[in-house]
Amino acid sequence: MTAQNSSQVEIVNRIVFKLREQGIAHLKLDDVPMSNRRTIHNEGKELLNFSSCNYVGLEADERLKRAAIEAIERYGTQYYCVRAYTSLNYYQELEHQMKQIFGFPAVVMPTTMLGHLSCLPSLVGSEDAVILDHQVHTSVQMTVKILKSNGVHTEMIRHNRMDYLESRILKLRNEYKKIWYLADGVYSMYGNIAPMGDLYQLMQRYEQFHLYIDDSHGMSWTGKHGSGTVLDGMPFHPHLVLVTSLGKAFGASGGVAVFHDQATKDLVMNTGSPLIFTGPLQPATLGAAVASAKIHLSDEILDLQNRLKSKIDYFEEKAKSLQLPIISKDNTPIFFLGVSRFEVACKLVKALLDAGFFAGMACYPSVPYNNTGVRFMVTLNHTESDFDNLLETVAALLPDILVSENFSMEQIWKAFSKDSAAVKSVEAG
Ligand SMILES: Cc1ncc(COP(=O)(O)O)c(C=O)c1O
């Protein structure tokens, strides 16, 4: 571990200890069945849960549960053999369904992060350059460390800044074979979306430009067959690699990588280390994923998407009417309440917990230290009155907390304004 790494680990360790001491992180849930999915139980208290990625409510869908149980009955709890040798027939069915959902060849991955580890080292060569968005998910950033050790040139640019990206493409194109931009479809903290139209234009304009995008939080709740925010915003370009999650809204687990052509799919299947050296998804997960894909390929997904979108709109309007500092602007199920100061966010999350709500801290290292916030995820399980109760409680609590920390609403807006380097792009996006 380098000195820089060890001090970073120390800082994160201290932050998480602080959150644990205050009882707002690492909560242990009580042994209470989660039939309604709106609430969780901690130390005998029922909490309205705003930290779940179960956006379209499929996690507890009876059809997924039955399919998982049936898969266990047929194949047991595990069939541990790397896919390079043998795989259950569920994989074939699921990858066929994925091709129908996305329209292009797909490989199912054990997790999204293992998807990155399968794809990037196989696709990016030492003669290529990689540009990362400042906010791209940690699972991508960790994988890029392997690329760096393979001698790949890497650099990072401000979040969603297409003007910087284009200038870097122009600079790098004479020195490198391919220029890869690594981004998220929906950014998991601020809930904003990558500028798909601009990215598509850059792929059209520059032959060397390739886009690798993680759309984990965009899956299911939008796009044709729930294919997500990327394909909702652009056609599938030959230079696009799309990786997304079958956990989160999809209601199963694992990930999927989608390629424009069969040759690229084969390359990743044949050489992606996690696909050769690590185990497969469990039968229960595969069964649930196949059942979820059937829902995605039916008209039912449209109804789920429309219902969620009206909840997102309701949440947004209500937050606006209460003049809360919601930073997210892109109509996704992730709402980031900016508070800037770490201590303000701790007090707010704790006070919300005492009032019967759970929402997660969004703090360093996921966001810059002075751009701390509280993240609310909207799901189909919530009712409009859940949103009223939550947001009215936030509006009632926040002013006193700000006074106690000698901080103000003006300072919050300033920390998240256009002039703030760290979140400049949230506005631009
Ligand atoms: C954008 C994004 N990518 C990847 C991951 C990791 O997903 P997995 O647990 O499937 O590896 C997450 C997890 O929250 C995420 O938000």
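Predicted model: local features only at pLDDT ≥ 70, side-chain atom pairs only at ≥ 80, totals over all residues.
Reader: Okay, which residues are closest to the ligand?
Author: The ligand is surrounded by 13 residues, and the closest of them are Thr 111, Thr 112, Met 113, His 137 and Ser 216. A residue is near a molecule if its C-beta atom, placed from the backbone, lies within 6 Å of it.

Reader: And how does that shell divide into nonpolar, polar and charged?
Author: The shell around the ligand has one nonpolar, ten polar and two charged residues. Here Ala, Val, Leu, Ile, Met, Phe, Trp, Tyr, Cys and Pro count as nonpolar, Asp, Glu, Lys and Arg count as charged, and the others, Gly among them, count as polar.

Reader: Switching to sheets, what is the order of the seven strands?
Author: The seven strands form an open sheet with mixed pairing, in the order E3-E9-E8-E7-E6-E4-E5. Its edge strands are E3 (106-109) and E5 (153-157), each of which pairs on one side only. On average, neighbouring strands of this sheet are turned by 20 degrees against each other, direction ignored. Strands (E, at least two residues) and helices (H or I, at least four residues) are DSSP runs numbered from the N terminus, and two strands pair if DSSP finds at least two bridges between them.

Reader: Do E6 and E7 run parallel or antiparallel?
Author: E6 (residues 179-184) and E7 (residues 209-214) run parallel and are joined by six bridges. In this pair, Leu 182 stands opposite Tyr 212 in E7.

Reader: What about the sheet of three strands, which ones stand at the edges?
Author: That open sheet has the order E1-E2-E11, with mixed pairing. E1 (39-42) and E11 (357-358) stand at the edges with a single partner strand each, so one side of each is left without a neighbour in the sheet. E1 runs antiparallel to E2 (residues 45-49), and four bridges join the two. Thr 39 stands opposite Leu 48 in E2.

Reader: Now the helices: at what angle do H4 and H5 cross?
Author: The axes of H4 (residues 112-123) and H5 (residues 138-149) cross at roughly 30 degrees and come within 9 Å. Axes are lines fitted to C-alpha atoms, for helices over the stretch in contact, and angles run from 0 to 180 degrees between N-to-C directions. H4 and H5 are therefore roughly parallel to each other, given that angles under 35 degrees count as roughly parallel, over 145 as roughly antiparallel, 65 to 115 as roughly perpendicular and the rest as oblique.

Reader: Which residues make that contact?
Author: H4 contributes Thr 112, Met 113, His 116, Leu 117, Leu 120 and Pro 121, and H5 contributes Ser 139, Val 140, Thr 143, Ile 146 and Leu 147. Two residues are in contact if their C-beta atoms, placed from the backbone, lie within 7 Å. These residues divide into seven nonpolar, four polar and no charged.

Reader: How do H13 and H14 pack?
Author: The axes of H13 (residues 342-354) and H14 come within 10 Å and cross at roughly 140 degrees. H13 and H14 are therefore oblique to each other. Their contact includes Val 344 and Leu 348 of H13 and Leu 397 and Ile 401 of H14, and its residues divide into eight nonpolar, one polar and one charged.

Reader: Last topic, where is the cis peptide bond?
Author: The peptide bond from Tyr 364 to Pro 365 is cis, with omega near 10 degrees. Pro 365 lies in the loop between E12 (360-362) and E13 (372-377).

Reader: And what is phi of Ser 220?
Author: Phi of Ser 220 is near 75 degrees, a positive value in a residue other than glycine. Ser 220 lies in the loop between E7 and H8 (229-233). Most residues other than glycine have a negative phi, and most peptide bonds are trans.

Conventions: Residues numbered from 1 in each chain as written.
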